[in-house]
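My notes follow in the order in which I went through the model.

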Amino acid sequence: GGSKLGGGACDHRCGHRRRHRGRGCGAARRGDRRRGRSGGRRAATDPRPGRVLARQPRCAALPPALKAARRAVHLLSNDGQAHHLLAQAWLGTAQWEKAVTSAEQAVRLLPSPETYGTLAQAYLRVAFAQMVDPEKRFSSLRTAIESALRGGELRLAQAKTPIEKARALARLGRLEEAATAYLQAGGTAENFLAAARCYLLAGRWQDAERMCNLAEGRSADKVVVGAYRALARSQRGKISDARAMLERLEETEATGTLLALAKANVSLREMKASETLRTLLPLHEQGQTSDAMEVLLAAAFAETREFPRAEDHFREALLRNPLSWQALAQKGFETLAVGSITTASRYFDLAARIRPNDAWVLCGQSLCAGDKRRAVELAQKAVKQAPTDPWTLVVLSYAQSRAGQIDEALRTIERARNMDRENIDIASPPDARRAGQIARILGRRVMLPLE
């Protein structure tokens, strides 16, 4: 860029690697002649001897990866991999809109899990860059999720083994199908534990406990089995039992992060957000993070009213896993708690695009529904999906009372109290704030890495 006359790279984007000795490349000279100027020395250099025009270093100042990718696209304009590399290069230079353009071209020419993944990343970056335009933010988030889903479907179609199929299903949010695929892959301790993890993430604690029993019979790691059992116990509302079980487990180098995540999950259900932060932040600072840990940190910071930091971890969770429906649902409940019903509804709808029949997501949608009849229908669907979870009945009771079904609401809240008198101590249908708080705390899904 600061080379003397007679040296330096061509800045006419011609791709020439030779030096033009101050005369400009042939394309530059021809352009100068068309504009009525000399194509010689003065057109390519500053009037002061030995100085190149300020605009000349532009092509040399580009990062090498970006220069190489642009060159590849110039030579292979119909090659999807070249456009994919250019999209990744634009992402590396924080040029989000240009990354979207290149990634869309890559997907058109070469649809694959990788190109769709890059397109999802580009749209997520565009979404999180929107500070004042909520419409563009949610439109970009929606497109990112759709892109990630298409990539996930392609990965599922390409799966060659039962384990690959199970992992692809889990990434798509189809957790119950993933658990079945793990079991079909063979009756090993590892597969039973993987199925238990899927059931925990789906909120099906009875099935998770059953898988733990089967894994224990195959001499599985006792610490992992104990941690999963404790998490299942916490989902049943037995928080003190879950904490006692975790305290009895001996931490090892291999299970340290898992135990920390399990303790953080239990602490959040106890509304001890500060304890969750003390458990997870040291690991996060050491780089031992995952999308599950980012969701837990986002939830903990939201409970302590540190919303900017919660937003940072929410963003990081989605960047790590664009199909993190837990992050979207958590963001929905967090937004609902501060009274932004319309915005919360949008987050729940995005989560429902990934997990349409999850009871936690359905309850969030019910709490935000403007139509009273639809609110009741969504809550009833949530109860059907999780009939043994009393917090779904709390949301249904609120929806029924809101719709004027007072007798039904009273009977529903009584059912909820009979199922869990320790955590549900209300004798009448709750208001919106109380119903949302109970669903957010008692219904919060276990957060664990998918693999």
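Predicted model: local features only at pLDDT ≥ 70, side-chain atom pairs only at ≥ 80, totals over all residues.

**Helix pairs and cavities**

For the contact, I listed Ala65, Leu66, Ala69, Arg70, Ala72 and Val73 on the α4 side, and Ala82, His83, Leu85, Leu86, Ala89 and Trp90 on the α5 side. Sorted by class, the residues of this contact come out as 10 nonpolar, 1 polar and 1 charged. I then looked up the geometry: α4 spans residues 64–75 and α5 residues 80–92, and the two pack at an angle of about 150 degrees with their axes 8 Å apart.

Next I turned to helix α20 (residues 341–354), which packs with helix α8 (residues 134–158) at an angle of about 10 degrees, their axes lying 10 Å apart. With the cut-off for roughly parallel set at under 35 degrees, α8 and α20 are therefore roughly parallel to each other. From α8 the contact takes Pro134, Glu135, Arg137, Phe138, Leu141, Arg142, Ile145, Glu146 and Leu149, and from α20 it takes Thr343, Arg346, Tyr347, Leu350, Arg353 and Ile354. I counted this contact by class as 8 nonpolar, 1 polar and 6 charged residues.

I followed α20 to its pairing with helix α21 (residues 359–368), where the axes come within 9 Å and cross at roughly 150 degrees; α20 and α21 are therefore roughly antiparallel to each other. The crossing of α20 past α21 is left-handed. Here α20 contributes Ile341, Ala344, Ser345, Phe348, Asp349, Ala351 and Ala352, while α21 contributes Val361, Gly364, Gln365 and Cys368. The class tally for the contact of α20 with α21 is 7 nonpolar, 3 polar and 1 charged.

Last, I asked how many cavities of 30 Å³ or more a search of the whole structure finds. The search gave 4, and about 110 Å³ of space lies in the largest cavity. I recorded 16 lining residues for the largest cavity, with Asp291, Asn321, Trp325, Gln326 and Leu450 lying nearest its centre. The elements that give two or more residues to this lining are α9 (162–171), α17 (291–303) and α19 (325–337), and the largest share, 3 residues, comes from α17. By class, I noted 10 nonpolar, 4 polar and 2 charged residues in the lining of the largest cavity.

Note on methods: Residues numbered from 1 in each chain as written. Heavy atoms only, no water. 1 Å grid on protein atoms, 1.4 Å probe; cavity = no way out; pocket = protein on both sides within 12 Å on 5 of 7 lines; lining within 4 Å. Points joined across faces, edges and corners; volume = space filled by probe spheres on them. Helix = DSSP H or I, 4+ residues; strand = E, 2+ residues; numbered from the N terminus. Nonpolar A, V, L, I, M, F, W, Y, C, P; charged D, E, K, R; others polar. Axes fitted to C-alpha atoms, helices over the stretch in contact; angles between N-to-C directions. Contact = heavy atoms within 4.5 Å. Parallel < 35°, antiparallel > 145°, perpendicular 65-115°, else oblique. Left-handed = near helix turned anticlockwise from the far one by under 90°.
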